[in-house]
Amino acid sequence: MMEQGILGESAMATLGVHSECGRLRAVLVCRPGLAHRRLTPGNCAALLFDDVIWVARAQQDHAVMVAQMRAAGIEVLELHEALTSVLDDPVARNWLLARKVDEDFVGIGMQAELRALAGRHAIRHVGRLSDRRHRQIRTAV
């Protein structure tokens with residue numbers, strides 16, 4: 001059963017991949033960054049990477065790929081920019097927070113901090129909060 005969301009049922013029904021060989025009209029991408037810098041030989045297989053990557057080169061390759069897709073008339077949506085625009089809208093932000101930033105998903109200790117940061121630049125702080133919280137846990141043990 002499809003939940004009535006922010007986009008509405010009619011919009012939800014038209015979104016999706018309807019052909020493996022049709023024309024690509026829009027794509028969601030995520031620029032390599034902090035998460036990729038955290039890859040190590042010990043964790044890359046668990047994160048579905050064959051090996052660690054050269055992040056600076058991956059960012060260059062990503063920029064070239066995005067430029068080529070835009071030149072071909074494809075709408076390229078960047079994940080972090082899209083999430084930031086969602087967090088700018090109070091209705092969308094509250095909808096997202098109610099479903100993803102709860103004590104079962106992020107823990108009681110981080111819930112208040114993440115909700116407090118749920119403004120325009122919250123996405124930038126999630127990794128830092130997680131790192132700080134892990135350091136606090138390690139120090140307490």
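Trainee: Why is Cys 44 called buried in this predicted model?

Mentor: Cys 44 has a relative accessible area of 5%. Buried means under 20%, so Cys 44 is classed as buried.

Trainee: What makes Cys 21 exposed?

Mentor: The relative accessible area of Cys 21 is 74%. The term exposed requires a value over 50%, and therefore Cys 21 is exposed.

Trainee: How many disulfides does a search of the whole structure find?

Mentor: The search finds zero disulfides. A pair of cysteine sulfur atoms would have to lie within 2.5 Å to be counted.

Trainee: Why is Leu 77 called partly exposed?

Mentor: Its relative accessible area is 37%. Buried means under 20% and exposed over 50%, with partly exposed in between, so Leu 77 is partly exposed. Leu 77 is found in strand β2, residues 75-78. Together with Leu 28 and Leu 79, Leu 77 forms a nonpolar patch on the surface, with about 250 Å² of accessible area in total.

Trainee: How do you know what span is expected of helix α3?

Mentor: Helix α3, residues 55-71, has 17 residues. The expected span is 1.5 Å times one less than the number of residues, which gives 24 Å for α3. From its first C-alpha to its last, α3 reaches 24 Å, close to that expectation.

Trainee: Which residues of α3 are buried, and what puts them on the same side?

Mentor: Val 55, Ala 58, Gln 59, His 62, Val 66 and Met 69 are buried in α3. They cover an arc of only 100° around the axis, which puts them on the same side of α3. On the other side of α3, Gln 68 and Ala 71 are exposed.

Definitions and conventions. Residues are numbered from 1 along each chain as its sequence is written. This is a predicted model: local features need pLDDT of at least 70, side-chain atom pairs count only at pLDDT 80 or more; totals for chains, interfaces and linings use all residues. Side-chain values use heavy atoms; hydrogens and water are left out. Patches are made of residues with over 30% relative accessible area and no salt bridge: like charges are joined within 9 Å, nonpolar side chains (Val, Leu, Ile, Met, Phe, Trp, Tyr) within 5 Å. Accessible areas come from the Shrake-Rupley method with a 1.4 Å probe; for residues, only the protein chains shown count as cover. A salt bridge is a side-chain nitrogen of Lys or Arg within 4 Å of a carboxyl oxygen of Asp or Glu. Helices (H or I, at least four residues) and strands (E, at least two) are DSSP runs, numbered from the N terminus. Buried means under 20% relative accessible area, exposed over 50%, partly exposed in between (1.4 Å probe, protein chains only). The arc is that of the directions from the helix axis to the C-beta atoms.
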